[in-house]
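Please read these points with the sequence and the model open beside you. They are meant to be checked one at a time.

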Amino acid sequence: MTIGIWILGDQLYQTQTALTAVSPETPTIFIESLDYVLVQAAMMGRRYHRQKLVLVWSAMRHFAAELRDRGIPITYYNNAPNFETPLREWVQQNRITELRVMTPNDRPFTQLIQGLNLPCQITLVENNHFLWTVAEFQEWAKSRKRLLMEDFYRQSRKRFNILMADDKPVGGQWNFDQENRKPLASSKLFSGKDGQLKTPPILEFPPDAITQAVIQQVNSLPESQLYGKIASFSWGVTRSQGLQVLDYFIQHCLGNFGHYQDAMVTGEATLWHSLLSPYLNLGLLHPLEVIQSAEKAYADFSLPLNSVEGFIRQIMGWREYMRGVYYFMADDYGENNWFQHDRPLPDFFWDAKKTNLNCLHQVLSQVEETGYAHHIQRLMILSNFALISGLLPQAVESWFHSAFIDSYDWVMQPNVIGMGLFADGGVLASKPYAASANYIHKMSDYCRDCVYDYKKRTGENACPFNFFYWDFLSRHREKLKSQGRMSFILKNCDRISPEEWQAIHQKAQDWHSSQEI
């Protein structure tokens, strides 16, 4: 028997299970498939962002070089027409009788592998990319009367002994989220006559020869089948660089992360956010080492507990929970559409110049340039707009796949369908994350330079977030009554006169007719 290993593009760590269970002489293959990137992605409406494509292919090439330096026999296919053709060729040349692959993070790719016609056995081995295995999460979920992320998060803290003291949470409470919603407007972080915000610069990595070659290759691909820009690519592409980003975040950002993690500021793409999700999702970093680094910083440097706990909750709570829910739900979870929304995705999602609504313009421009937006920009600007304006959930999810450098099926499906759009009717979130312009004004400076008036919901220059928000509540009031946390909000609908309701509905209808913002 001759074993061969196939390393996927988001499994780039040396202790992954397919690599650790075999000898160092085991033939190993990497494949960059043009069919998967251009044809299959386009068929699903999920064009690759150029930044993500450069990141993945460059990281794959760097990791392959690291394994080759260890003496592992590496075969690397770039510009391959598909996955099956090079696999068949390699299997036959090396007389492979068993192809081992670590189980993919995404269901569609697992199905792709299982559908391959190869002259050898295909074995999927356990995935060790997460803290919880799929089986462990399902066992936990089946034992619960309710699925709630907070319950899962607390169980995880206990299981891995993170921020615990004698079976109690450090600080006397599990969650400090109430301390992590401060707007920047009243902070002391502005300085100088021009009132500049003092934020740490982004840690950037100039493209080396390998990355430059990938950029050149991506630039040669059909423009219509990709999205975004790569004029400036500065992401890390190796584990060493990922560790540098982690260390930089701990030293320069984590202290202020908690208080202002929900803030949004024009020209400030990252603030104090970690930028670690691309490296976690590629496998360059493991979640436990990231969590333990934050916990150690709390102990060693007395960093604010609300910042450390809030960051750990994003990884140990949100990230692990989303992946668990993704596999716990039925295969058709992504088809949910509880509100029966069916509006098409506006063109400005693909071209930020086509909207003059400043918050959307700022975030969408940033996404085009970098493939990145932090979680509140994604949830309370992009998803919020999609929800209240009634966009088709599946179209929105597909766009999120295209737009973000850290996007994968396991993270985008529950995050967009469940959390962002409430299309699952409350399986994942306890209420819709719907908000008017008042929230955006409170948590950002976007409204300051906007042509729309954040105070107005009808009339000339009324903010679309306002008339869409109230139109959404009105259209779905009966359904929303079943969501206990919505009752107080829905009572506000009674304060609006029939005449104003008519004006609100007309504004929403007029926008859908013109699709101009």
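**Notes on the model**

1. G4 stands opposite L99 in β5. The two residues belong to a pairing of strand β1 (residues 3–6) with strand β5 (residues 98–102), which is parallel and has 3 bridges. Two strands count as paired if DSSP finds at least two bridges between them. Strands here are DSSP runs of E with at least two residues, helices are runs of H or I with at least four residues, and both are numbered from the N terminus.

2. Before going further, note that this is a predicted model, in which local features need pLDDT of at least 70 and side-chain atom pairs count only at pLDDT 80 or more, while totals for chains, interfaces and linings use all residues. Residues are numbered from 1 along each chain as its sequence is written, and side-chain values use heavy atoms, with hydrogens and water left out.

3. β5 also pairs with β6, again in the parallel sense, over 5 bridges. In this pairing V101 stands opposite L124 of β6.

4. Is β5 buried or exposed? Of its 5 residues, 5 are buried, so β5 is largely enclosed by the rest of the structure. Buried means under 20% relative accessible area, exposed means over 50%, and partly exposed lies in between (1.4 Å probe, protein chains only). Both faces of the strand are covered: L99 and V101 are buried on one side, and E98, R100 and M102 on the other.

5. These pairings are part of an open sheet of 5 strands, with parallel pairing and the order β4-β2-β1-β5-β6. The edges are β4 (74–80) and β6 (121–125); each has a single partner strand, so one side of each is left without a neighbour in the sheet. On average, neighbouring strands of the sheet are turned by 25 degrees against each other, direction ignored. For such angles, axes are lines fitted to C-alpha atoms (for helices over the stretch in contact), and values run from 0 to 180 degrees between N-to-C directions.

6. Two helices lie across strands of this sheet. Helix α2 lies across β2 and β4, at about 35 degrees to β2. Helix α5 (residues 107–114) lies across β1, β5 and β6, at about 155 degrees to β6.

7. Which residues of helix α2 (residues 34–43) are buried? They are V37, L38 and A41. Seen down the axis of α2, these buried residues fall within an arc of 100 degrees, so they line one face of the helix. The arc is that of the directions from the helix axis to the C-beta atoms. The buried residues of α2 pack against β2 (28–33), β3 (48–49), α3 (50–69) and β11 (226–227).

8. The ends of α2 also deserve a look. S33 caps the N-terminal end, with a side-chain oxygen 3.4 Å from the backbone nitrogen of D35. Just after the helix, G45 has a positive phi of about 70 degrees.

9. Two residues other than glycine also have positive phi. L271 has a phi near 50 degrees and sits in the loop between α10 (254–257) and α11 (277–282). L271 is buried, at 2% relative accessible area. For N461, phi is about 65 degrees; this residue is in the loop between α18 (437–443) and α19. N461 is partly exposed, with 38% relative accessibility.

10. N466 is in helix α19 (residues 464–475) and counts as buried at 5% relative accessibility. Leaving aside neighbours within four places in sequence, its contacts (heavy atoms within 4.5 Å) include S436, N438, D453 and R457.

11. How many helices and strands does the protein have? There are 22 helices and 11 strands. The radius of gyration, taken over C-alpha atoms, is 24 Å, close to the 24 Å that the globule rule (2.2 Å times the number of residues to the power 0.38) gives for 517 residues, so the protein is as compact as a globular protein of that length. Along its principal axes the C-alpha trace spans about 75 × 55 × 55 Å. Of the 517 residues, 57% count as buried. Among contacts with a separation of 6 or more, 75% come from residues 24 or more positions apart.

Notes:
Polar contact = N/O pair within 3.5 Å; in protein donor to acceptor, adjacent residues only side chain to side chain.
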